[in-house]
Amino acid sequence: MTPPRSTPARRVVIAIDGPAASGKSSTAKWVAERLGFTHVDSGALYRAATAAYLRGRGANDEKKWTEADVVAAAKGHVKLAPADRSLVPFLDDAPADAEIRGGEVTQHVSAVARMKTVRNWVNQQVRDAA
C-alpha cells in the first residue's frame, strides 16, 4: 500500500488590470484587506526598478537604457518588505514610496514597464511573494 500523497497548499493570486490612475491599487488593497490576503503592487515594483536605475545612471537618454542594466539595478537595490497587509518595495533597505511616486520616475516608468526582461523580473518578484 502506498502512502497518501499530500496535496500542496494552494496559493490564491488575484490580478487586477486596467489603465493608469483607474484605482487598481486602491481596489486591490481593499480586496486584500477584506479577504485577509497580502497585497503586492506590481506597479510599485516597476516604479522601484525605474528609481533604482535613475539613482545609478541619472535621467540620461531613455533610448539608451538597456533592459539588462535596469534589471541589474532592480536586483541590486529593490527588495519587498512587509508593511501592514502589503509587501512594498524598498530601495537600499529604506522605504521608497515618495521617491517612486515622484515626477522623474513617473516620466520614465512606462518605458521601463515595456521592457520584457523587466516585466519578467517583476512577475518573478510577485510569484516569489505569493
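Student: Which residues does H39 touch, not counting residues up to four places away in sequence?

Tutor: H39 touches S25, A28, K29, A32, R85, S86 and L87; contact here means heavy atoms within 4.5 Å. This is a predicted model, in which local features need pLDDT of at least 70 and side-chain atom pairs count only at pLDDT 80 or more, while totals for chains, interfaces and linings use all residues. Residues are numbered from 1 along each chain as its sequence is written, and side-chain values use heavy atoms, with hydrogens and water left out.

Student: Where is H39, and is it buried or exposed?

Tutor: H39 sits in strand β1, residues 39-40. With a relative accessible area of 7%, H39 is buried. Buried means under 20% relative accessible area, exposed means over 50%, and partly exposed is in between (1.4 Å probe, protein chains only).

Student: How much of the protein chain counts as buried?

Tutor: 29% of its 130 residues.

Student: And how many helices and strands are there?

Tutor: The protein chain has 6 helices and 4 strands. They are DSSP runs numbered from the N terminus: helices are H or I of at least four residues, strands are E of at least two. From the N terminus the order is α-β-α-α-β-β-β-α-α-α.

Student: What about contacts between residues at least 6 apart in sequence?

Tutor: Of those contacts in the protein chain, 65% join residues at least 24 apart.

Student: Switching to helices. Which residues of α3 are buried?

Tutor: V70, V71, A73 and A74 are the buried residues of α3, which spans residues 67-77. Seen down the axis of α3, they fall within an arc of 160 degrees, so they line one face of the helix. The arc is that of the directions from the helix axis to the C-beta atoms.

Student: Why would residues a few places apart point the same way?

Tutor: An α-helix has 3.6 residues a turn, so residues three or four places apart point the same way.

Student: What is on the face turned away from the buried side of α3?

Tutor: The exposed residues A68 and K75 are there.

Student: And what do the buried residues of α3 pack against?

Tutor: They pack against α2, β2 (78-83), α5 (103-113) and α6.

Student: Start with α2. At what angle do α2 and α3 pack?

Tutor: About 100 degrees, with the axes 8 Å apart. Axes are lines fitted to C-alpha atoms, for helices over the stretch in contact, and angles run from 0 to 180 degrees between N-to-C directions. That makes α2 roughly perpendicular to α3. Angles of 65 to 115 degrees count as roughly perpendicular, under 35 as roughly parallel, over 145 as roughly antiparallel and the rest as oblique.

Student: Which residues make that contact of α2 with α3?

Tutor: From α2 come A49, A52, Y53 and R57, and from α3 come D69, V70, A73, A74 and H77. They divide into 6 nonpolar, 1 polar and 2 charged. Ala, Val, Leu, Ile, Met, Phe, Trp, Tyr, Cys and Pro count as nonpolar, Asp, Glu, Lys and Arg as charged, and the others, Gly among them, as polar.

Student: How do α3 and α6 cross?

Tutor: At roughly 25 degrees, with axes that come within 8 Å. The two helices are therefore roughly parallel to each other. E67, V70, V71, A74 and K75 of α3 meet K116, T117, V118 and W121 of α6. That contact has 5 nonpolar, 1 polar and 3 charged residues.

Student: What about α2 and α6?

Tutor: The axes of α2 (residues 42-57) and α6 (residues 116-129) come within 10 Å and cross at roughly 130 degrees. So α2 and α6 are oblique to each other. The contact uses S42, L45, Y46 and A49 of α2, with V118, R119, W121, V122, Q125 and V126 of α6. By type, these are 7 nonpolar, 2 polar and 1 charged.

Student: Back to α2. Is G56 buried or exposed?

Tutor: G56, which is in helix α2, counts as exposed at 63% relative accessibility. Its C-alpha atom is separated by 9.9 Å from that of D69, 13 residues apart along the chain.

Student: Last topic, loops. What is the phi of D84?

Tutor: D84 has a positive phi of about 55 degrees although it is not a glycine. D84 is in the loop between β2 and β3 (86-91), and counts as exposed at 84% relative accessibility.

Student: And what is the phi of D93?

Tutor: About 65 degrees, again positive, and D93 is not a glycine. D93 lies in the loop between β3 and β4 (94-95). With a relative accessible area of 67%, D93 is exposed.
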